[in-house]
Amino acid sequence: MSAYDVSLLSVIGLNVMLAVSLNMISGFCGQVSLGHGAFYGAGAYAAALTMIASASVALSLFMGTIVGALLGLVVGFASLRVRSDFLAVTTIGVNFLFTGFVRKQSWLGGEMGISGIPGSGFSSAGNMVMILIFAALTIAVSFYISRSWMGFAFRAVSQDEDAAATLGINSGAYKLAAFGIGTALAGLAGGLYAFFTQFITADTFDFILSVMLMAMVVIGGIGSTAGVVVAAVALTLLPEAIRFVNDYRLLVFGGLLVLVIRIAPGGLADLARRLLMREAKA
Amino acid sequence: MYYIDLGVTGLSFGCMYAMMAVGLTLVYGLLRILHVAHAAVFALGAYATVLVANASGSVGLGFLAAVAVTPLFGMAVYRLLYEPLLNYRADVPMIASVGLLVLMQDAFRIAFGEQGVTFRNNRFAFTTFDLAGVRVNAVQIAIMACAVVVFIGLHLFTTRTRVGIGWRATVSRPKIATSFGVDVVKVRYMNFAIGSALAALAGGLVGLLDNLVDPMIGYVVSYKALAIIVLGGLGSVRGTLIASLALGMVESYGTIFMGQWLNRDAIAFLALIALLMIRPQGFTGTRTV
């Protein structure tokens, strides 16, 4: 495997973690979040600072997870107050606030970011394996939650909060749980990212990334873990695949995004379901 | 005097935001879509203004071209992108809208260059007036004057004419408006046309103020405009106007008092989040559950 393959697979693993964890919040529980990059970033910064101070990989990843989850819970409390599109714009705000704040803090490296983060001790292939294991675990957790009572409650909250309340589902508690779990996983991904690159800046975690993650969820099929995984892999590979158009990459990328949504507005999961139905009928 | 200067800057930015955001809030009111690609319309307006102004030598002609072209674009976006997606969850058309914005921004970069285009003959940006010690730029005055004319015009149109009243009725109660004989689809086209023209006007004015139109011109304004329409209570023109002016002021003074901790955009969004926590329904919106 070349160094390029290793880094590409690592990025795929990270994006799968992020998209699947966002799907728990926005897909399962229906709480649109356009600030997932902020939790990813918070995890990365927390892990980087912990690593520099303590040199313990496990502790750094733990701190990344905790800080991501804490920030997520704060935003989760906001989701109890504002709904749907108001929440979407609030989370956009959280993302801009995060990058704006980090850029002005000298102890977070400011505009320059944090460089020279100590390595995890693994080779880059070892890092990749670690990322892929965590990505697989994230997918497993997602499938497990989807089938559990909690997954049922999430869907109930997502579809009709008032009806869920009459079933005795405490929608507030489940929204907080969705935000807590989803952002903890994003924070963990951030920690892994800090070890992967050993260099972080605020720009990596900007709003564009959050939109990309949301695009993965929407294109995969909102709420479908398998669909979101496929979309995350595809959308990470796509910019690489269209490298030959080099200067027109963003143009082609934006165009494809529009096109895919126009053709399959229900996402890949919905498309697959419809194709299977047609097979069954024929 | 310094603080008054800041006030003038804030007010002119607020007026610009208002012209940009009014189309956005009305699209939301009609279709419940966060029309992110409105920023591309804004940029298209700015490009049309600068290109035609440079080619013809007349800035006025540039604005005329911008206001003529962008409504067609806005209506095409509705017909080709949003109409087929209306039955899906609101984040689906929004992601499509983001895709369109990315595509357009890159198209502008490829067509007109990374560095952007400057006005060949822009005396307005460098003309300043001294009003009792307060320095005001000619373009700032133009922005404020345009906003005043636009909002008075909109007010008269939506309260005095049959078509305008039908428009308002459709935004607040689409089903009842239909039963009174309002053609909802026509209203949507008109909404996209007028909203796009106003965004183009704002875009052209910003280009004139900075004396530069580059591919990123719409980027930050776009997300700030989302913040504004949320603050304004989503779908409310009056709320949007108040929120725009307030945001212009908060940014202008905020950078002085909080500039060392946060940048301009972060201050705007901090104000947004703080306000939403106190009033989850925005300035003027009524609480809907």
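Predicted model: local features only at pLDDT ≥ 70, side-chain atom pairs only at ≥ 80, totals over all residues.
Local features are described at pLDDT of at least 70 and side-chain atom pairs at pLDDT 80 or more, while totals for chains, interfaces and linings use all residues. Residues are numbered from 1 along each chain as its sequence is written, and chains are lettered from A and ligands numbered from 1 in the order in which they are written.

**View 1. Where chain A touches chain B.**
Here 36 residues of chain A meet 37 residues of chain B; two residues are in contact if their C-beta atoms, placed from the backbone, lie within 7 Å. On the chain A side, the elements giving two or more residues are α3 (57-81), α4, α9 (207-220) and α11 (249-263). Helices are DSSP runs of H or I with at least four residues, strands are runs of E with at least two, and both are numbered from the N terminus. Helix α4(A) supplies the largest share of that side, with twelve residues. Sorted by class, the chain A side has 24 nonpolar, six polar and six charged residues. For that sorting, Ala, Val, Leu, Ile, Met, Phe, Trp, Tyr, Cys and Pro are nonpolar, Asp, Glu, Lys and Arg are charged, and the others, Gly among them, are polar.

**View 2. Helix α4 of chain A against helix α11 of chain B.**
Zoom in on α4(A), residues 84-103, and you find it packed on α11(B), residues 264-278, at an angle of about 140° with the axes 8 Å apart. Axes are lines fitted to C-alpha atoms, for helices over the stretch in contact, and angles run from 0 to 180 degrees between N-to-C directions. The two helices are therefore oblique to each other; angles under 35 degrees count as roughly parallel, over 145 as roughly antiparallel, 65 to 115 as roughly perpendicular and the rest as oblique. Their crossing is left-handed, a term used if the near helix is turned anticlockwise from the far one by less than a right angle, with clockwise being right-handed. Among the residues that meet are A:F86, A:F96 and A:F101 from α4(A), and B:F269, B:L270 and B:I273 from α11(B). In this contact, ten residues are nonpolar, three polar and one charged.

**View 3. Helices α1 and α5 within chain A.**
Next up are α1(A), residues 3-28, and α5(A), residues 124-147, whose axes come within 9 Å and cross at roughly 20°. That angle is why the pair counts as roughly parallel. This crossing is left-handed too. The contact has 17 nonpolar and nine polar residues, and no charged ones.

**View 4. Helices α5 and α6 of chain B.**
The axes of α5(B), residues 138-160, and α6(B), residues 162-172, come within 5 Å and cross at roughly 90°. So α5(B) is roughly perpendicular to α6(B). From α5(B) come B:F157, B:T158, B:T159 and B:R160, which meet B:G164, B:I165, B:W167 and B:R168 of α6(B). Their classes are three nonpolar, three polar and two charged.

Strands β1(B), residues 128-131, and β2(B), residues 134-137, pair in the antiparallel sense over four bridges; strands pair if DSSP finds at least two bridges between them. B:L131 has B:V134 as its bridge partner. Two residues lie between the strands, and B:A132 takes a positive phi near 50° in this hairpin.

B:T70 sits in helix α3 of chain B and is buried, with 30 other C-beta atoms within 10 Å. A residue is buried with 20 or more such atoms within 10 Å, exposed with 12 or fewer and partly exposed in between, with C-beta atoms placed from the backbone. B:T70 is 29 residues from B:V41 in sequence, yet their C-alpha atoms are 6.4 Å apart. Leaving aside neighbours within four places in sequence, the contacts of B:T70 include B:V41, B:L44 and B:S196. B:L85 is in the loop between α3 (59-82) and α4 (91-112) of chain B, and 20 C-beta neighbours inside 10 Å make it buried.

**View 5. Two loop residues with positive phi.**
B:R32, in the loop between α1 (2-31) and α2 (38-56) of chain B, has a phi near 60° although it isn't glycine. It is partly exposed, with 14 other C-beta atoms within 10 Å. B:N211, in the loop between α8 (184-210) and α9 (219-231) of chain B, has a phi near 55° and isn't glycine either. B:N211 is partly exposed as well, with 15 other C-beta atoms within 10 Å.
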